[in-house]
Amino acid sequence: MRKRVKTHMFRGRRFQIMFGALPRNWLGYVSRTDRKLAIKSGVKGLERLDTIVHECLHACYPDLNEDAVNDGAGDMARLLWRLGYRDTFSDEETET
Ligand SMILES: [Zn+2]
């Protein structure tokens with residue numbers, strides 16, 4: 001069984017990785033101040049992959065505007081999806 005990912009380094013800064021409940025219209029968020037990256041539990045498939053890539057881009061490149069992050073994350077997630085990358089964790093395994 002794979003170990004749960006609790007932290008990750010983005011450009012030399014360690015972020016806490018969390019999966020759980022978020023406000024209704026949010027799929028994820030990143031706070032560089034708190035060094036937290038959160039993904040809403042229950043989001044699945046390509047949308048989940050897109051959300052993870054999206055928040056990773058925010059963590060790495062805080063100067064990028066939302067449109068650039070949206071476009072880039074969508075393009076990257078779709079390629080990863082086409083190449084067969086899938087999330088095999090269930091929410092229970094990843095929730096904090
Ligand atoms: Zn965003």
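Two residues are in contact if their C-beta atoms, placed from the backbone, lie within 7 Å.

Residues are numbered from 1 along each chain as its sequence is written. The model is predicted: local features need pLDDT of at least 70, side-chain atom pairs count only at pLDDT 80 or more, and totals for chains, interfaces and linings use all residues.

Q: In which order do the elements of the protein chain run from the N terminus?
A: Helices (H or I, at least four residues) and strands (E, at least two) are DSSP runs, numbered from the N terminus. The protein chain has 3 helices and 4 strands. From the N terminus on, their order is β-β-β-β-α-α-α.

Q: Which strands are the edge strands of the sheet?
A: Two strands pair if DSSP finds at least two bridges between them. The 4 strands form an open sheet with mixed pairing, in the order β1-β2-β4-β3. An edge strand pairs on one side only, and the edge strands here are β1 (7-10) and β3.

Q: Which residue of β4 is the bridge partner of Ser31?
A: Strands of a sheet pair through backbone hydrogen bonds, either parallel or antiparallel. Strand β4 (residues 36-40) and β3 pair in the antiparallel sense over 4 bridges. In β4, the partner of Ser31 is Lys36.

Q: Is Arg24 buried or exposed?
A: A residue is buried if 20 or more other C-beta atoms lie within 10 Å of its own, exposed if 12 or fewer, and partly exposed in between, with C-beta atoms placed from the backbone. Arg24 lies in the loop between β2 (13-20) and β3 (28-31). Because Arg24 has 6 other C-beta atoms within 10 Å, it is exposed.

Q: How many Å does helix α2 reach from its first C-alpha to its last?
A: The expected span of a helix is 1.5 Å times one less than its number of residues. Helix α2 (residues 66-82) has 17 residues, and 24 Å is expected. The reach in the model is close to that value, at 24 Å.

Q: Over which residues does pLDDT stay under 50?
A: pLDDT is the predictor's confidence in each residue, from 0 to 100. The protein chain averages 92, and 91% of the residues score at least 70. The stretch where pLDDT stays under 50 has 10 contacts beyond four places in sequence and covers residues 92-96.
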